[in-house]
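Please look through the structure shown here and work through some questions about how it is built.

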Amino acid sequence: MIYGDKNLGVIVQNITGRQGTFHTELMNAYAHEVGGRGVVAGVAPGKAGREVHGVPVYNTVKDALAEHDATASVVFVPAGAAGDAVMEAAHAGIELAVVITEHIPVHDAMKAIAYAKLHDCTVIGPNCPGLLSPGECKLGIMPAHLATRGEVGVVSRSGTLTYEVVDELTRAGIGQSTVVGIGGDPVIGQTFVDALARFEDDPQTKAVVVIGEVGGNLEEEGVRSTDLPVVTYIAGVSAPPEKRMGHAGAIIEGGEGDARSKVRRLRGLDIPVASRPSEIPGLIREVL
Amino acid sequence: MKLLEYEAKRVFAEYGIPVPNGVVIRAPEEVAAHLPDLGDGLVLKAQVDVGGRGKAGGVLMADRTTAAGTARELFSREIKGIPVREILAEERLPIEHEYYVSIAIDRSSRQPVVLFADAGGVEIENMASADESAVRRVIVSPLLKDIPPFLMRELLGGAPKELAPVINNLYHVFQGKDAMLAEINPLVTTARGVYAADAKLIVDDNALARQGVTVNRDLSEREREAEKHGFSYVELDGSIGVIGNGAGLTMSTLDLIEFYHGRAANFLDVGGGAEQERVMHAVKLVASMPGVNVIVVNLLGGITRCDEVAKGIIAAGVAPTIIVRMAGTNEEEGQRLLAECGYRMLESMDAAVKAAMEVSE
């Protein structure tokens, strides 16, 4: 697995919000099931002293870390304040920030990611479902019941499409080492290059499914950077130019980043590209 | 959201970037009153949001005597299918040299990237492919308020130093206005100084509220209606309606329709944790598109409750056939509710799309 194991101590920023509360319960249910530490503290400014599903709440990340041993944070803070929340976490010593929040202004994301880097804090997201290492830990909102432990890594710009692929893999008897959603925004902390480098250092991972979409060229950059066997799928071959397909980052701009040319370039590198999600398990079997 | 040239120029002027004297007119007669301010030579520029405007006939030269007639001619044109409703009438600058400068977001380094070329006025894509060394490129840390002098020197190369403050002001525009792109093409030198002869500014859709923009003009009326309900929605030109949750899964559903040689009518992502009411609005919205005779609903997620989705579909009660594929909590109950009302629920997205194709044909 990558990014952390069952010993990872986790805090949740904006734990008192609807999503924060709901997913704290699910994350800790998972931690309980696998014998992990899970969410040990929550942060919500002005709400210190409360508890959310048995997890104590603090005003600041600094206060939470003074009382608890945690190195990761899952951020559910609303878009306008989320960039600040990431900087607060990095400043207080958090080493891994997983940002679930969607619609963060891109300039805030750029600043927060640059600031986090200065403090050696790794950022996953924003606008991502987080990560799940079956049998070890879950940070974020991925439905755990679809996944099963195994040797295939999954890295994706999407949420539900990732669940679809994980479901297909599990049904085909192919387990996963870590499933990580890196986010659908134009500016994200961990890119395919970063996630693939971690998978390469992970003895459990034997092959990786890379799930990309229209916009940018980070898929190709990632695939070129790794020696691991990789199978790819690119969503959006039918997407029209200059239209944002749900994700802020999913847009063909100035004739760049369309799915067909991505597929063509990947095939040019002799990388298997699935035409639809249901083809992925078969292609993975061929490279394992 | 894209700003029109004259809107972008107003912003540039606020940030200390010199722009030519100009005025926006909405009828040909209006130009006469402004002639004293605009000098002998004029440029009339259609304010339409299209690329390659000049080549498409959207920019015309005129002088004092021909200004009104030329404006009338331009108002009568369509530029790449878009009627001309506003014209920016500007003084014609005594140009000595044209340059290109733009600031955008580099996804790979996650930082702003500044591009500069010694030749302006042409499309940067053509310039870049013709001669890669013609375009210089520097990455600036988003934590800095200014482009540092050493990077500015690298960017400008042998170009005049007087361009530097204008480019730095453009960087301020980029930061202050939450821009995805700020571009001056061409940036010109004249005997009177440096000017932004053209202006392009695209504002981050996620920052419109704090930029004081209430209506995103880039969206159609139905797209805005969808936005109100929290949907991501794009209109396409096929006949198979699509509703999904999550951008990737919804896109993948559209691709699958194309894979089976069908054509999707739309992209609609209902977002996470869809409840009865949201599903109902989504179904009604897609059913209201002309030519849609079948809708594929493809929902997947741990927290989506299938009984809620089923109730939403039934409550919408629309004419087109609805094919449902969903997985999540209360799957059996959802299936039962749908079956009672004669709807079909299928197990995989491949099966759902194939079934929709049959109905569509």
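What follows is a set of questions and answers on chain architecture, cores and selected residues.

This is a predicted model, in which local features need pLDDT of at least 70 and side-chain atom pairs count only at pLDDT 80 or more, while totals for chains, interfaces and linings use all residues. Residues are numbered from 1 along each chain as its sequence is written, chains are lettered from A and ligands numbered from 1 in the order in which they are written, and side-chain values use heavy atoms, with hydrogens and water left out.

Q: Which residues have the most contacts inside the largest nonpolar core?
A: A nonpolar core is a set of buried Ala, Val, Leu, Ile, Met, Phe, Trp, Tyr and Cys residues joined through side-chain atoms within 4.5 Å, where buried means under 20% relative accessible area, exposed over 50% and partly exposed in between, with a 1.4 Å probe and protein chains only. The largest such core has 97 residues, and those with the most contacts inside it are Leu139(A), Val155(A), Val180(A), Val209(A) and Ile280(A).

Q: Which residues of chain B does Tyr163(A) touch?
A: UniProt, in an unreviewed entry, lists Tyr163(A) under "binding site", an annotation that may be inferred rather than shown by experiment. Tyr163(A) lies in helix α5 (residues 160-171) of chain A and is buried, with a relative accessible area of 8%. Leaving aside residues up to four places away in sequence, its contacts (heavy atoms within 4.5 Å) include Pro129(A) and Ile141(A) and, from chain B, Leu300(B) and Gly301(B).

Q: Is Gln13(A) buried or exposed?
A: Gln13(A) lies in strand β1 (residues 9-13) of chain A. Its contacts, not counting residues up to four places away in sequence, include Val43(A), Val61(A), Phe76(A) and Glu88(A). With a relative accessible area of 2%, Gln13(A) is buried.

Methods: Helices (H or I, at least four residues) and strands (E, at least two) are DSSP runs, numbered from the N terminus.
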